[in-house]
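I opened the notebook to go through this model one feature at a time. The entries follow the order in which I looked things up.

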Amino acid sequence: MKKGAVAVIPNNPSRTRKYPLDKHLYAQRHLVECCFSKLKQFRRVATRFKKTARNYLAVVALAATVLWLR
């Protein structure tokens with residue numbers, strides 16, 4: 001892995017060579033994926049209506065705030 005990334009996914013049970021799984025890191029990965037899934041439920045975030053990076057970041061921040069307040 002040239003960039004230092006580590007795969008944090010469980011092994012397929014039929015795989016002959018098993019790789020160790022860091023359960024704590026896997027739980028953190030799951031939280032991040034769930035957050036992205038919830039953010040994509042906001043249409044403006046999913047379709048990226050705001051073309052500039054500054055405006056898009058503002059929409060993502062608003063969506064994250066709405067999710068946090070729920």
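Which residues lie nearest the centre of the largest pocket? I found that 13 residues line the largest pocket, and that Ala7, Ile9, Asn11, Tyr19 and Pro20 lie nearest its centre. A pocket here is an open set of points on a 1 Å grid where a 1.4 Å probe fits, with protein on both sides within 12 Å along at least five of seven lines, and lining residues have an atom within 4 Å of a point. I noted its volume as about 250 Å³.

I reminded myself that this is a predicted model, in which local features need pLDDT of at least 70 and side-chain atom pairs count only at pLDDT 80 or more, while totals for chains, interfaces and linings use all residues. Residues are numbered from 1 along each chain, and side-chain values use heavy atoms, without hydrogens and water. For pLDDT, the predictor's confidence from 0 to 100, the mean of the protein chain is 86, and 99% of its residues reach 70 or more.

I then turned to helix H1 (a DSSP run of H or I, at least four residues), where Arg29 forms a salt bridge with Glu33, their closest N and O atoms being 3.0 Å apart; the rule asks for a Lys or Arg side-chain nitrogen within 4 Å of an Asp or Glu carboxyl oxygen. Because Arg29 and Glu33 are 4 residues apart in H1, about one helical turn separates them.

Conventions
Grid points are joined across faces, edges and corners, and a volume is the space filled by probe spheres set on the points. Helices (H or I, at least four residues) and strands (E, at least two) are DSSP runs, numbered from the N terminus.
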